[in-house]
Amino acid sequence: MWKMEKQPSALSRNPHELYYLRMQRTKEKMDREKPEENLYQNKRRLKVCVATCNRADYSKLAPIMFGLKSHPEEFELEVVVLGSHLIDDYGNTFRMIEQDDFDIGSKLHTIVRGEDEAAMVESVGLALVKLPDVLQRLSPNILIVHGDRFDALALATAAALMNIRILHLEGGEVSGTIDDSIRHAISKLAHYHACCTRMAEQHLIAMCEDHSRILLAGCPSYDKLLSTYHRDDYMDIIKSWLGDKVKENDYIVALQHPVTTDIQHSIKIYGLMLDALISFNKRTLILFPNIDAGSKEMVRVMRKKGIEQHPNFRAVKHIPFEQFIQLLSHAGCMIGNSSCGVREAGAFGTPVINLGTRQTGRETGENVLHVRDADTHNKIYHALELQFGKRYPGSKIYGDGNAVPRILKFLSSIDLDEPLQKTFCFPPVKDTISQDIDHILETQSALAVDLGGTNLRVAIVCMQGNIVKKYTEPNPKTFEDRMHLILKMCKDAVQDAVRLNCRILGVGISTGGRVNPQEGIVLHSTKLIQEWSSVDLRTPISDALGLPVWVDNDGNCAALAERKFGHGRGVDNFVTVITGTGIGGGIIHNSELVHGSTFCAAELGHIKVSLDGPECSCGSQGCIEAFASGMALQREAKRLHDEELLKMDGMDMKLAEPITAAHLISAAKNGNSKANAVLHKASLALGVGIVNILHIVNPSLVILSGVLASYYQAPVQQVMLERALFSAQSIKVFKSDLEEPALLGAASMVLDYATRRTY
């Protein structure tokens, strides 16, 4: 094994020194060429405190520190070191700050060992106890805080409470763990922001931060890595860490940290990653995880697998950033969940395998292959086979190498005489309701509209799914009459809602046909509703009522109703099939409604189960709807009746009564073999269609809704047992318990959106 301090003679010169000298020369050149535009002229010195907590944030803060140091007449730099910098197990990385010739004003031992959740909380508390004395003694004009670590949260909290201005670096980003909450909390405490990407800037604006105090700077580490990674001695650096036999692009860099919101799963992924790397049999440089809760267990896993003694591995606690750049830029692959994999590695086009959820939401280049559900050794091994040795185009999502000059200019523009109290830019709110007892006691409700082929129905539906009041009228035949009636019924319902103490949050509309729910437009209607294609429902109803409007087709609404109020509650994947006049339905996959690219997903009635068969209303032949819908059964009932083969002893049939599917079912129950044959064929067609659905989307359960659901439930379950693949035979068929699925589904769109739940 190599010793960490052993480095080749080519590395004896400190690259940070060169960086510092370059900054000085750049400034001198600017002063000579444009003395009148000196940004800092006639400004009082700004006392800037830079606080660094660990090796990762120092790589982002160091370029700024060098920039501040190169302008001593404009900035007075104070350096505070805390966190894992001062722990031997993590490399005592404060020494590299001293080697970079920075005077450390204060060293705060703030880490409570334990590497679990409680230790993280205690570390924040210990930092809050120690920081006030330091900040009071230094009395900086501004504190620069980086990122999303728990140490940084303590820094921002202390500074905010002590009325010290805060500049937060890398706010507005999204990563998918507790780091998100910490990062956003620091952003709310900070007075100024230097973000890396346009999306992060938009997130900060959406968080009501003042746009004038947000700088789109890019990542400061890019200033260093883009200017220094083309070094002639890169192979000397690589060999110093991985041995003389290693070749360029023929080794792996691994860096995996714990996920504090799911520690046990992240430890499992870590073990699987190590197994895959052992099997892959390539030289690997693996860095110890950070100090978050779970890191101690991850180190135990590494040592249990003998990684530190394994001939293919070199396990290290710390690598100087400028050397890490060389190792990363010339690696065959990087694997793990470190942010440098989705940020810095992209600048070089290094292939990256991102494991788990720690970086979910980060902007990435095409060099990153995500293995979010890294639950098997084989899956990770296959990702290594796909990525190792590739090269991708360099990406500059996170910076262009000019972040530090922008940040220095931004700092110089800060007016210390302006009020310290930060303000938030909240969007305007219309019709603010005062917080009084009447408002509190109101029932949050939705206005639900169901456009059927025969009737038009409107209902007031409360949050619990109870229908407070329902209105029913015949559905007019023309577009103008229909729209007029919809608006009249909705306005009447809104007036009644006031009397019934219901606060209407919005309008949800369920209609037959193909719907674009994003625009609120009925694209094509069923034959049952005339003059109902290319109709914008959202705009006129929203304008007339002053309420938000959501629109979807009746099948999707039935699925939404089951998800919120029925058998689908708490189920991530299920299918609802409506068995009524026609056949329709909706698919819930990963808790989301599936619409499809042209909004015709889940047209379940038009799944073909026969190459010929009876003609369907869609114009095709052999669809489920042509066999099993209420219209299809009514057609067969009329045929049998015309042939005088329908009526049986015990059946009550009046002469003037129209023949329906109910007569067919009644005849079958009374032993009519012809009726039984028709129903058997219909059940088989529906069952085969549902088996096809099982084999495509593999839901957890099937819910039958509509007037024919109670009859079809048992036959469909039997067809599934006989014809589905073995792994799908255990899926259960439930009959919906909801009496008004269309209205409840329309209401759920409103209630879920308006209360910020997922639709």
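User: Which residues touch the most other members in the largest nonpolar core?

Analyst: A nonpolar core is a set of buried residues such as Leu, Ile and Met, joined through side-chain atoms. In this predicted model, the largest such core has 63 residues, and Met 273, Ile 286, Met 302, Ile 335, Leu 355 and Leu 384 touch the most other members. Helix H10 (residues 263-280) gives the most to this core, contributing 10 residues.

User: What is Met 302 in contact with, beyond its neighbours within four places in sequence?

Analyst: Its partners there are Tyr 270, Leu 274, Ile 286, Phe 288, Ile 307 and Ala 315. There is also a second, separate core of 39 residues, with Ile 659, Leu 694, Tyr 712 and Met 720 among them.

User: Where does UniProt place the feature "binding site"?

Analyst: The unreviewed UniProt entry puts it at Arg 514, Thr 526, Asp 554, Glu 603, His 606 and Glu 625. Let's take two of these.

User: Is Thr 526 buried, exposed or partly exposed?

Analyst: Buried means under 20% relative accessible area and exposed means over 50%. Thr 526 has 33%, so it is partly exposed. You will find Thr 526 in the loop between strand S19 (521-524) and strand S20 (535-536). Not counting residues up to four places away in sequence, Thr 526 touches Gly 512 and Gly 513.

User: And which helix does Asp 554 lie in?

Analyst: Asp 554 belongs to helix H20 (residues 554-565). With a relative accessible area of 32%, Asp 554 is partly exposed. Apart from neighbours within four places in sequence, Asp 554 contacts Ser 510, Thr 511, Gly 512 and Ile 578.

Methods
Residues numbered from 1 in each chain as written. Predicted model: local features only at pLDDT ≥ 70, side-chain atom pairs only at ≥ 80, totals over all residues. Heavy atoms only, no water. Core = buried A, V, L, I, M, F, W, Y, C linked by side-chain atoms within 4.5 Å. Buried < 20%, exposed > 50% of the residue type's maximum accessible area, 1.4 Å probe, protein only. Helix = DSSP H or I, 4+ residues; strand = E, 2+ residues; numbered from the N terminus. Contact = heavy atoms within 4.5 Å. UniProt positions renumbered as here; feature names shortened; annotations may be inferred.
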